Amino acid sequence: MLEKLRVVFTIPELRQKILLTLFLLAVYRVGYLIPMPMVDANQIQILSQSNTGGLAGLIAKATVFSASQLDKATIFGLGIMPYITASIILQLLGTVYPPLMELRKEGEAGRKKINEYTRYLTVALCLVQSVAYVWYYLMPTPNDGPNLIADEFENADGTMMLGWQIVAVLIMTGGTIFLMWLGEQITSRGIGNGVSLIIMAGILAQLPRSFAQMFTQVREGSMGGG
């Protein structure tokens, strides 16, 4: 195994592709650690560490398998999943919608056009999802959970200022668009399928925390039962 790795790194072109892929994946992971400026980091930390029910609990569980970071409210919070969703929607439509069926028959030109439509649909999905996220997760009603907005970005009624709501939506949408571009760069200049590698890196990065939480819950449950 080690010998094979040594041989791989002795090939300049292959070594360059591997290093570029690792660098772009590192950029992706750094973005996952940068919170949006309008959120209260302390409240986010408390909420993510608690066993929360409702929407917050569902979001915390979903992030493990979607490679997103919605429970942390970071600039890459939506992850790459809107792009995956858009791709699936267009693939399904391509089997029943005649114009898309014709594009699929046009070869490379048709594929490029479908990729363009996929990007447009990704942006639309990001806008819808980020608006819902800001309204229903970051600033929910008192009965739904804590308000996660930093004090300096709040109105008198506890909601986020409208201008900052727009900024938050644009940040999250821009984050997914950047990840989409990052995946395309890995695919064309690096090693493997970029989108798949981004998803895998996101899931692997969250597995240790998920296992630690699971073991803690099992231990506390067993201790409580004893």
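This is a predicted model: local features need pLDDT of at least 70, side-chain atom pairs count only at pLDDT 80 or more; totals for chains, interfaces and linings use all residues.
Is I18 buried or exposed? I18 is buried, with a relative accessible area of 18%. The cut-off for buried is under 20%, so I18 counts as buried at 18%.

## Overall make-up

The chain holds 9 helices and 0 strands. Read from the N terminus, the order of elements is α-α-α-α-α-α-α-α-α.

The chain has 226 residues, and 36% of them count as buried. Its accessible surface comes to about 13200 Å². Carbon and sulfur atoms account for 67% of that surface. Contacts across the sequence were also counted. Among those between residues at least 6 apart in sequence, 70% join residues at least 24 apart.

## Helices α2 and α8

Helix α2 spans residues 12–31 and contains I18. Helix α8 spans residues 162–189. The two pack at an angle of about 170 degrees, and their axes are 10 Å apart. An angle over 145 degrees counts as roughly antiparallel, so α2 is roughly antiparallel to α8. On the α2 side, the contact uses K17, L20, T21, L24, L25, V27 and Y28. On the α8 side, it uses F178, L179, L182, Q185, I186 and R189. By class, the residues of this contact divide into 9 nonpolar, 2 polar and 2 charged.

I18 of α2 pairs in space with G190: their C-alpha atoms are 6.2 Å apart, although 172 residues separate them in sequence. Q185 sits in α8. Q185 is buried, at a relative accessible area of 15%. Beyond its neighbours within four places in sequence, Q185 is in contact with L24 and G190. L24 belongs to the α2 side of the helix contact. G190 is also the residue that I18 approaches to 6.2 Å, C-alpha to C-alpha.

## Helices α7 and α8

Helix α8 also packs with α7. The axes of α7 and α8 come within 9 Å and cross at roughly 140 degrees. The pair is therefore oblique. The crossing is right-handed. From α7, the contact draws on R119, T122, V123, C126, L127, S130, V131, Y133, V134 and W135. From α8, it draws on Q165, A168, V169, M172, T173, T176, I177, M180 and E184. These residues divide into 12 nonpolar, 5 polar and 2 charged.

G163 is another residue of α8. G163 is partly exposed, with a relative accessible area of 45%. F153 lies 10 residues from G163 along the chain, and their C-alpha atoms are separated by 9.4 Å.

## Helices α5 and α7

Helix α5 covers residues 81–93 and helix α7 covers residues 108–138. Their packing angle is about 125 degrees, with axes 8 Å apart. α5 and α7 are therefore oblique to each other. α5 passes α7 in a right-handed crossing. In α5, the residues that meet α7 are P82, Y83, T85, A86, S87, I89 and L90. Their partners in α7 are I114, Y117, T118, L121, T122, L125, C126 and Q129. This contact has 10 nonpolar, 5 polar and no charged residues.

T122 and C126 of α7 are among the residues that meet α5. T122 and C126 are also listed in the contact of α7 with α8.

## The loop between α7 and α8

Which residues does A150 touch beyond those up to four places away in sequence? A150 touches M38, V39 and D40. A150 lies in the loop between α7 and α8. A150 is buried, with a relative accessible area of 7%. A150 and M38 are 112 residues apart in sequence, yet their C-alpha atoms are 5.6 Å apart in space.

## Points to take away

Helix α8 makes contacts with α2 and with α7. Helix α7 in turn meets α5. The α2 and α8 pair is roughly antiparallel. The α7 and α8 pair is oblique, and α5 and α7 are oblique too.

Definitions and conventions: Residues are numbered from 1 along each chain as its sequence is written. Side-chain values use heavy atoms; hydrogens and water are left out. Axes are lines fitted to C-alpha atoms, for helices over the stretch in contact, and angles run from 0 to 180 degrees between N-to-C directions. Helices (H or I, at least four residues) and strands (E, at least two) are DSSP runs, numbered from the N terminus. Angles under 35 degrees count as roughly parallel, over 145 as roughly antiparallel, 65 to 115 as roughly perpendicular and the rest as oblique. A crossing is left-handed if the near helix is turned anticlockwise from the far one by less than a right angle, and right-handed if clockwise. Contact means heavy atoms within 4.5 Å. Ala, Val, Leu, Ile, Met, Phe, Trp, Tyr, Cys and Pro count as nonpolar, Asp, Glu, Lys and Arg as charged, and the others, Gly among them, as polar. Buried means under 20% relative accessible area, exposed over 50%, partly exposed in between (1.4 Å probe, protein chains only). Accessible areas come from the Shrake-Rupley method with a 1.4 Å probe; for residues, only the protein chains shown count as cover.
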